[in-house]
Amino acid sequence: MDLGPAEQDDLIRIDEGDHRLRFRHPLIRSAIVGASTAAERRAAHCTIAEVLHDRLERRAWHLGEASVEPDEDVAALLERSAHMAGTRGDSYAAIRALTRAGHLSPAVHDRARRPARAAFIGANATGELVNASHLLEDARQAGTDDHASLYSAATTAHVMLNGTGDIDMAHHVIVNAIEETLQRSDAYDPALDEALYVLMLLCHFGGRRELWQAFHRVVARLPALPAVMTVSAAALGDPARVSVAALREVDELLAGLAHESDPTSIVRIGTSGVYVDRLSGARDAARRIWRQERDAGLAVKKLGVLPLLCQDAFNTGRWDETIRLADHGLLLREQVDYPFYTWYFRYEKALVAAARSDVGSAVETADAMTSWAVSRGAGQMMTAATHIRVLSAFADEDFESAFRYAEAISPAGTLPCYVPHAIWVVMDLVEAAVLTHRQAAASIHVRAVQEAGIANVSTRLALLVGGAAAVAATTDDEATALFERALSLPGVDDWPFERARVALAFGERLRKAKVTSVAREALLTALHIFEELGARPWADRAGRELRATGWAVQRESGSAGLTPQESEVVHLAASGLTNKQIAERLHLSPRTVSGHLYRVFPKLGITTRAALRDALADLDEQ
């Protein structure tokens, strides 16, 4: 090829070092391609493919572009390249390769299966549900087979879940597809693997026994399941009854994340650790995905790991980080068509809001979650909303409501199947029962959780069960022994909120028993942790108990122990604004503003709103 004229016109340059041809401007390259014929472009693709034998993905793409007629060899090569792209997390490349493979497939079943798989990847990994629906329609027009039906059903379930949100209908579609496939063949394949995982998530979101029964029915017909499926069904579905063997498998899978790069695998394995308190094992891998700056489908990959990071941050007392991550998640959610994810992040923010006394905001989120979930059969979301209400009721020291809400999740004396939040509210239920003089309910619940053995699942659950048993103890000596045992468990410092709550309950029991010096030690521990967390309602409770022992609780000069938000509210109220106006100014609810003022008046030593201005002036002089 004579390149001299092109060099003379400064259109191209030949690098003297590596002898590579470079265009002076990208538009020149585009102009050359645009001026070529289709036959010339196909010939160029063939030529390039011939020299790329050691680079499968690029060679497959060039052969795909060079092909006009169906060619199974090229289609199979493209499918292999799609698998490689998916493994490294490049979902868009996988979709492109599978779509082209479908067009080049001679067999009808392959023309249906490959686009259906592309549609599933689109729905599961990129967030482009509209494009996934188009690919799904291409697969249906091409024909059907077992593999295509499974991928189609899994894709349809994703579209339903993030569209109408009808969990029962999505569950029905995917169960029917799996059962029809199993009637024809007992062979296990990747399509069945993906369909079963989607079915398991639908069962979890639905949170009802009948949904899980269908899952176990189809699983019983299979000779084996992937490890992540087995442990997720146990640890995510019914963690109160998870076996030691399943926990060991969870730990092994989490240990393998150190070398895992596939975002889907990281999310699935990490999710298996949510209710069994193993999220720390997925933390580094999830953060690797979160910190990626440039990658195809990055928003969806981050969206997948953020719920894990949020829950981990909340559990381990990094609440400011929880809020930051949740806010990032809500922003990312606007970039992709996954509305279901919104509730993960609003739930985490509401937990922090409730714990930090912004009860009005927390309850508003719980109401919104319930409203969305009821019509869609999302029982797990309704339970999560009730969990927010439990924490909010404790923050308001409304122990009667706290007991009723905790019992709505887990009736006293039972740990209902497929309600994983039941193990999270063990101490809430028992403590609320004791504080509302329901000693029998507290005792039977402690007995139930001890018999279930959930204390063996994690240190956090052992701390909650031990604290609950101590709270329910009928003698001070027994209570003291149980509290001391719970608070001396190895690793309790990893769970600061739970540790502080148990220490607070211990201090309250000791103070009533007039063991003043030891009570102060427990109460001071609780107070310091609550203050570090910003858990003002619990810090106030610990402070009151300390004062009852004769201890003078120290406050910062000029603050009267007000939180930053309480300070904002009280200064605006002193300026003459109404609760509604303050709420609008600070983006809170009027109920939250009222709650802040209710708690601030005793701190300032006043009883009326009219006294606010003078009380604040006195603070400024301190």
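Which side-chain oxygen reaches to the backbone nitrogen of Asp168 at the start of α10? I looked there and found that a side-chain oxygen of Asp166 comes to within 3.3 Å of that nitrogen.

**Basis.** I am working with a predicted model, in which local features need pLDDT of at least 70 and side-chain atom pairs count only at pLDDT 80 or more, while totals for chains, interfaces and linings use all residues. I number residues from 1 along each chain as its sequence is written, and side-chain values use heavy atoms, with hydrogens and water left out.

**Whole chain.** I noted 33 helices and two strands, where helices (H or I, at least four residues) and strands (E, at least two) are DSSP runs numbered from the N terminus. Of the 622 residues in the chain, 54% are buried; buried means under 20% relative accessible area and exposed over 50%, with partly exposed in between (1.4 Å probe, protein chains only).

**Helix α10.** I checked the length of α10 (residues 167-184): its 18 residues should span 26 Å at 1.5 Å a residue, and the end C-alpha atoms are 26 Å apart, which agrees. The expected span is 1.5 Å times one less than the number of residues. Among the buried residues of this helix I listed Ile167, His171, Ile174, Ile178, Glu179 and Leu182.

**Cores.** Ile174 and Ile178 turned up again among the residues with the most contacts inside the largest nonpolar core, which has 164 residues. Helix α11 (residues 190-206) gives the largest share of this core, 11 residues. I also found a second, separate core of 18 residues, including Val593 and Leu604. A nonpolar core here is a set of buried Ala, Val, Leu, Ile, Met, Phe, Trp, Tyr and Cys residues joined through side-chain atoms within 4.5 Å.

**Helix α16.** Where do the buried residues of α16 lie around the axis? In this helix Ala282, Ala285, Ala286, Ile289 and Trp290 are buried, and they cover an arc of only 150° around the axis, which puts them on the same side of α16. The arc is taken from the directions from the helix axis to the C-beta atoms. On the other side of α16, I found Asp284 and Arg291 exposed.

**Arg333.** I followed Arg333, which lies in helix α18 (residues 319-333), and its side chain makes a polar contact with the side chain of Thr342 (3.1 Å). A polar contact is a pair of N or O atoms within 3.5 Å; within protein, one must be able to donate a hydrogen and the other to accept it, and residues adjacent in sequence count only if both atoms are side-chain atoms.
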